[in-house]
Amino acid sequence: MANTNNLTVVSGQAPAIVDPLTGSTNPNTAQILKVTGQGEVTVPTTLTEVQLGIQVDGKTATEVQQETAQRSTAVVDVLQKLGAQELQTTSIQLNPVYSYKDNTQTLTGFTGLNTLQFELPTARAGAAIDTAIQAGANLIQNISFTASDKASQQARLQVLSEAVKDAQAQAGAVFSTLKLTPGKIIDININSPDNPSPSPLVFNTRINTVANIPTTPIIGSPQTIKGSVSLDIGYSPNSAATLASATDNLTGASKPAVAIVDPLTGNTNPNTAQILKVTGQGEVTVPTTLTEVQLGIQVDGKTATEVQQETAQRSTAVVDVLQKLGAQELQTTSIQLNPVYSYKDNTQTLTGFTGLNTLQFELPTARAGAAIDTAIQAGANLIQNISFTASDKASQQARLQVLSEAVKDAQAQAGAVFSTLKLTPGKIIDININSADNPSPSPLVFNATNNAFATGTRTPLIGGTQTIEGSVSLDIAYSPNPADTLDLALNGLQRSA
């Protein structure tokens, strides 16, 4: 096993890295492994930002503007009483509505839309949304969650630490396979963590009541912060390994050092050293054990308040049964409330509203089918997506195995070329780790065996496998075997001509 202590401990006398071509210990000529580690951290959110709309249709601009202003004032009033922060108007619109008949445009009325935005602690956001809709809002345009500045900064630092650990693990896998001894970290490049990705909604299990009306129960889900750190790590072979047979040197076996002489000039200048560049590929499949499901609760009704109340009630019922089944990462990716229009004789008429809450959850695959069926019985009426994932531990082990397989592939390719050309490989001058890709999505596979669930049939699910790929590039010095000269090379060319 390769010694990886020097990746984390800089104290003590670090081994000098000797250039196999010159014997120099100049760090500028040292062999280098280049690796980039990835870090990812989730941080809890505490604030919710909401965008609501007040849309009014009417015959005249004055009528529409007056009603929009009246309803907007009522919404603002209740939000202020609830302590909404950062309350602001993001847009005010008033537009004519036309009908078209016999190529004639006729003004039929006006549409007004005021958009409000506010922020509240997440524990109070659900009640604020419902109260605002009762007061006159009839559009939910956007909802997002944010963490505190302090929590975000702590997470950004943790991301960098995780990225360094990942780089160390990757380097250790490659050094171990090649039987190389790591030296000092020569260069470090921090790629600042990304801003947190948008955070979806998560339902709360508690049902609160405002005037005996169900309140939309929401809590903020974590934000994800990602970042990477690149390391250039010096290395040397175990003991005095240098040139020998192709097989030995590609695996790091120890042999006496031999200077590489340019067969054309006799020059030993490392700048004229011959280099073989080879990239090996690795691929590993890992079994999936978790299933991620997206379900929808869609409600149609005459009024915005009616639709919002029924959507909240049914969403709470679905969440309740899923949590009783032990669903993990339960959250909604969207909450929507939109008007529905009919069109007759080229005239637009408001006929009602549509609400849609989208839930996402995760369960062990063996229990996911029953959970889907139970959720639909409780009120869900859309299945939007199902995918399979492996555990974090299994994925990480597979990523390291991919790098080991990629190194072996590079060694095999180099050995075939060196053997055919009758060349003697030297030290590996440079190593570049191309981090293993994220697993590709795993398709859905149905089981032929039907299992009973309650009085019906349980939806059968079988998780497939995820494929993880990666590559490692090696720069390997080489020289001709002593018996091979320029004359033989030229003769070979003449014979092949």
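Angles run from 0 to 180 degrees between N-to-C directions, with axes fitted to C-alpha atoms, for helices over the stretch in contact.

Before you go on, note that this is a predicted model, where local features need pLDDT of at least 70, side-chain atom pairs count only at pLDDT 80 or more, and totals for chains, interfaces and linings use all residues. Residues are numbered from 1 along each chain as its sequence is written, and side-chain values use heavy atoms, leaving out hydrogens and water.

Now color the strands. Helices (H or I, at least four residues) and strands (E, at least two) are DSSP runs, numbered from the N terminus. The open sheet has 6 strands, in the order S6-S11-S1-S17-S20-S12, with mixed pairing; a pair needs at least two DSSP bridges. S6 (180-191) and S12 (274-287) stand at the edges with a single partner strand each, so one side of each lacks a neighbour in the sheet. From one strand to the next, the twist averages 25°.

Zoom in on S12 and S20 (residues 465-480): they run antiparallel, joined by 14 bridges. Click Thr 285, and you'll find its bridge partner in S20, Thr 467.

Next, pick residues 392-421. That's helix H7, lying across S12, S17 and S20, at about 145° to S12.

Last stop: H5 (residues 304-324). Its buried residues (under 20% relative accessible area, 1.4 Å probe, protein chains only) include Ala 304, Val 307 and Leu 322. Just after H5, Gly 326 takes a positive phi of about 85°.

Technical notes
Contact means heavy atoms within 4.5 Å. Buried means under 20% relative accessible area, exposed over 50%, partly exposed in between (1.4 Å probe, protein chains only).
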